[in-house]
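Open the model in your viewer and keep the selection panel at hand. The tour goes stop by stop.

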Amino acid sequence: MSDLILIVDDQEDIRRSLSGILEDEGYQVLTADNGSDAIELAREEMPDLVLLDIWMPGLDGLQTLEQLKALMPDLTVVMMSGHGTIETAVKATKLGAYDFVEKPFSLDKVLITIANALNYQELRRENEALRLSSHQDHELVGSSAAVQQLREQVQRVAPTATPVLICGEAGVGKEVVARSIHHHSPRSAKPFIVVNCSAIPGELLEGELFGYEKVTGSDGSSQRNGKLDLADGGTIFLDEIHEMPHKLQGVLLHILREHQFERPGGIRTVRVNARVLAATSARLVELVERGLFNNDLFQLLNVVPLMVPPLRERRDDIQHLVRHFSAQFQRREGGAARQFDERALSLFREYGWPGNARELKNTVERALIMSSQAVITAEDIPLLQTGVTPLSERGSADGLTSFHSAKERFERQFLQEQLALHRWDIDATARAIDLERTQLQRKLLQYGLNPAEHN
């Protein structure tokens with residue numbers, strides 16, 4: 001459908017000539033000879049753009065513009081005048097006009113200005129849609145008391161610059177909570193940078209966070225910015241922070257206290273203004289007690305701890321999450337919205353979800369991909385049909401269907417076998433599997449493996 005343009009001018013010949021030109025270009029056109037009629041027409045017809053003359057009897061162009069913008073703040077308005085001055089143009093711009101064209105018109109100038117204005121309007125709409133979509137993708141979904149409390153906590157901490165520690169099992173949605181905090185903060189227009197401390201080897205994590213500087217010649221040097229530079233003014237999210245090497249924990253503590261750091265290889269102090277949000281699936285208190293995590297850093301991060309409960313403890317949220325992940329998939333991939341029938345939803349509610357919300361999302365997307373039906377049935381999710389029993393009759397660690405939960409099970413079994421092979425000697429096991437002793441100790445604590453019980 002072609003764009004609708006409203007021409008407002010008290011001169012009939014102007015209205016007639018502009019109407020003919022714009023209709024020839026494929027636009028739909030409405031006209032008004034005064035400001036009051038223009039406001040009424042705009043309210044009824046919702047034009048895509050208004051060409052508005054400044055000098056008119058009665059309600060002049062600037063007064064009309066002011067009322068139009070009060071009525072429809074997003075309306076795109078281009079001002080027209082044969083007596084244009086810089087002062088008038090500035091005032092019109094302050095009132096919300098997109099641009100200003102002078103009479104007598106240059107046909108090319110008018111058409112280019114209209115095309116640019118409509119393109120700008122479309123970009124603005126797309127950006128707003130992307131912003132809303134991004135927020136929808138990272139909103140806290142659910143109606144349980146636990147999620148409602150979490151939403152309230154997010155709203156309280158978001159406006160501040162205080163570090164936040166987000167705790168919970170793998171897959172519960174700790175990054176979703178972090179993104180929600182960022183979205184509701186004064187930093188929402190600035191970057192949100194994610195660093196997964198468990199995915200980057202310890203010797204590389206320092207460069208990833210802080211970048212580096214190095215001399216390349218007698219008088220030259222090169223510099224690589226790190227994730228902290230990218231997060232300046234915004235938020236940096238340190239996921240699985242318990243995996244951060246002890247040395248870097250001390251550096252991070254200094255940054256949180258002093259808001260500055262020096263790059264590896266450099267001598268220049270770099271100021272940084274980034275809010276730190278951290279997440280962990282480990283019991284940091286126990287790591288601190290064993291000397292595996294910096295106590296001062298823990299105390300600083302733990303000012304505002306947020307706990308994200310596992311999915312099995314908020315089963316009322318499961319059907320809301322299924323709908324949310326379905327809508328998210330549809331927005332990303334296109335096509336008509338689809339639903340899950342009641343039997344399928346019942347299977348979702350009965351399953352234990354050891355991989356939490358991440359595993360639920362994967363299962364929903366798998367069903368949507370593999371089925372072409374408008375309504376997804378229980379038969380479309382065979383993995384949940386095989387051996388599903390109520391939670392009260394089984395533990396929550398069976399039924400692995402997510403990569404992360406499978407990886408965790410493998411790690412635990414591997415470490416248990418290696419420890420037994422080396423008679424539960426931590427130093428010997430660490431050397432054999434090429435892992436730092438402190439990292440091995442963190443893993444043992446995470447998986448509840450205690451060498452002391454075997455000595």
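Select α13 and α14: their crossing is right-handed, a label given when the near helix is turned clockwise from the far one by less than a right angle, anticlockwise being left-handed. Helices here are DSSP runs of H or I with at least four residues, strands are runs of E with at least two, and numbering starts at the N terminus. This is a predicted model, where local features need pLDDT of at least 70, side-chain atom pairs count only at pLDDT 80 or more, and totals for chains, interfaces and linings use all residues. Residues are numbered from 1 along each chain as its sequence is written, and side-chain values use heavy atoms, with hydrogens and water left out.

Helix α13 spans residues 318-333 and helix α14 residues 342-350. Their axes lie 9 Å apart, at an angle of about 120°. Axes are lines fitted to C-alpha atoms, for helices over the stretch in contact, and angles run from 0 to 180 degrees between N-to-C directions. That makes α13 oblique to α14. Under 35 degrees counts as roughly parallel, over 145 as roughly antiparallel, 65 to 115 as roughly perpendicular, and the rest as oblique.

Now show side chains. I318, Q319, V322 and R323 of α13 meet L345, F348 and R349 of α14; contact means heavy atoms within 4.5 Å. Four of the residues in this contact are nonpolar, one is polar and two are charged. Nonpolar covers Ala, Val, Leu, Ile, Met, Phe, Trp, Tyr, Cys and Pro; charged covers Asp, Glu, Lys and Arg; the others, Gly among them, are polar.

Next, select residues 145-157 (α6) and 174-183 (α7). The two axes come within 8 Å and cross at roughly 40°, so α6 and α7 are oblique to each other. This crossing is right-handed. L150, V154 and V157 in α6 meet V177, S180 and I181 in α7. The contact of α6 with α7 has five nonpolar residues, one polar and no charged.

Move to E359, in helix α15 (residues 356-370). Is E359 buried or exposed? E359 counts as buried because its relative accessibility is 0%; buried means under 20% relative accessible area, exposed over 50%, and partly exposed in between (1.4 Å probe, protein chains only). The E359 side chain reaches the backbone nitrogen of G355 at 2.6 Å.

Finally, zoom out. The protein chain has 19 helices and 16 strands. Buried residues make up 45% of its 455 residues.

How values were computed:
A polar contact is a pair of N or O atoms within 3.5 Å; within protein, one must be able to donate a hydrogen and the other to accept it, and residues adjacent in sequence count only if both atoms are side-chain atoms.
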